[in-house]
Amino acid sequence: MSKVYPSAQAALEGVVASGQTVAVGGFGLCGIPEALIAALRDSGVNGLTCISNNAGIDGFGLGLLLETRRIKKMIASYVGENKEFERQFLSGELEVELTPQGTLAEKLRAGGAGIPAFFTQTGVGTLVAEGKETREFNGKEYVMEHSLTADVALVKAWKADPTGNLVFRKTARNFNPDVATAGRIAIVEVEELVETGALDPDHIHLPGIYVHRIVVNANPEKRIEQRTVREA
């Protein structure tokens, strides 16, 4: 069965549903699955729990899901660029679980590896550790964090072959591979689809066994999160 689908809408069909947990790749606006996020908004599903490093910006990325009230809970580490996120959170309309960035990455990696929990020093003695088990190792205190998995993972890669082997480009490699492995179903948006065998095995960042569906978006917008230019 082919993993390649003709559109983002087709790639989501029969997979996404209201109330699911969806993990979304990307680092800021870099390496986000733009077409898949827009298609998820248009699918009409709601009540989602979204796991992502950030929540997009107003009118783009996960901001599209926030403004259409598709998300009930965000598990994220950085949310400072989204006014609608702020409004919903402060008004009690959105549940938020803030997680240290490295801890979030490890939660996803551990979930994908089948590891249910791990201990870390990050957050010890802060609000992050409240209500969590702590333990001492080698004279230092650690807090136990549970791993994360998702019903669906939405991923952005640079290149893929039809079997789902993936190559990520630079900063887009942050979070995307971990998101892919943590999802029960991983749907990947790629800029370039190459023939099977065209990718050097040593250059493949994620093997196709983790990938279930692929859609090509050859011309993503790649919006800049904060544009800063020198004055004339």
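A charge sits over a ring if NZ of Lys or CZ of Arg is within 6 Å of the ring centre and within 35 degrees of the ring normal. In this structure, the charged end of lysine 159 sits over the ring of tryptophan 158, 4.5 Å from its centre. The model is predicted, so local features need pLDDT of at least 70 and side-chain atom pairs count only at pLDDT 80 or more, while totals for chains, interfaces and linings use all residues. Residues are numbered from 1 along each chain as its sequence is written, and side-chain values use heavy atoms, with hydrogens and water left out.

**Charges and rings**

- Tryptophan 158 also has the charged end of arginine 169 over its ring, 5.8 Å from the centre.

**Aromatic pairs**

- The structure holds three aromatic pairs; rings of Phe, Tyr and Trp (its six-membered ring) pair if their centres lie within 6.5 Å, and planes under 30 degrees apart count as stacked, over 60 as edge-to-face and the rest as tilted.
- Phenylalanine 119 and phenylalanine 137 have ring centres 5.2 Å apart and planes at 65°, so this pair is edge-to-face.
- This pair links distant parts of the chain, 18 residues apart: phenylalanine 119 is in strand β6 (residues 117–120) and phenylalanine 137 is in strand β7 (residues 134–137).
- Helices (H or I, at least four residues) and strands (E, at least two) are DSSP runs, numbered from the N terminus.
- Phenylalanine 119 is partly exposed at a relative accessible area of 26%, and phenylalanine 137 is partly exposed at 32%; buried means under 20% relative accessible area, exposed over 50%, and partly exposed in between (1.4 Å probe, protein chains only).
- The rings of phenylalanine 137 and tyrosine 142 are also edge-to-face, because their centres are 5.5 Å apart and their planes stand at 80°.
- Phe119, Phe137 and Tyr142 form one aromatic cluster.

**The open sheet**

- Three strands form an open sheet in the order β6-β8-β7, with antiparallel pairing; two strands pair if DSSP finds at least two bridges between them.
- β6 and β7 stand at the edges with a single partner strand each, so one side of each has no neighbour in the sheet.
- Four bridges join β6 to the antiparallel strand β8 (residues 140–146).
- Phenylalanine 119 stands opposite methionine 144 in β8.
- Helix α5 (residues 101–113) packs on the sheet and touches β6 and β8, and its direction makes about 155° with that of β6.
- For such angles, axes are lines fitted to C-alpha atoms, for helices over the stretch in contact, and angles run from 0 to 180 degrees between N-to-C directions.

**Nonpolar cores**

- The largest nonpolar core has 33 residues, of which Leu12, Leu36, Leu40, Met74, Leu154 and Ile187 touch the most other members; a nonpolar core is a set of buried Ala, Val, Leu, Ile, Met, Phe, Trp, Tyr and Cys residues joined through side-chain atoms within 4.5 Å.
- α2 supplies the largest share of this core, four residues.
- Leaving aside neighbours within four places in sequence, leucine 40 is in contact (heavy atoms within 4.5 Å) with Leu12, Val16, Val22, Val45, Leu48, Leu65 and Leu154.

**Positive phi**

- Most residues other than glycine have a negative phi.
- Arginine 69, in the loop between α3 and β4, is not a glycine but has a positive phi of about 60°.
- Lysine 222, in the segment after β12 (213–216), is not a glycine either and has a positive phi of about 55°.
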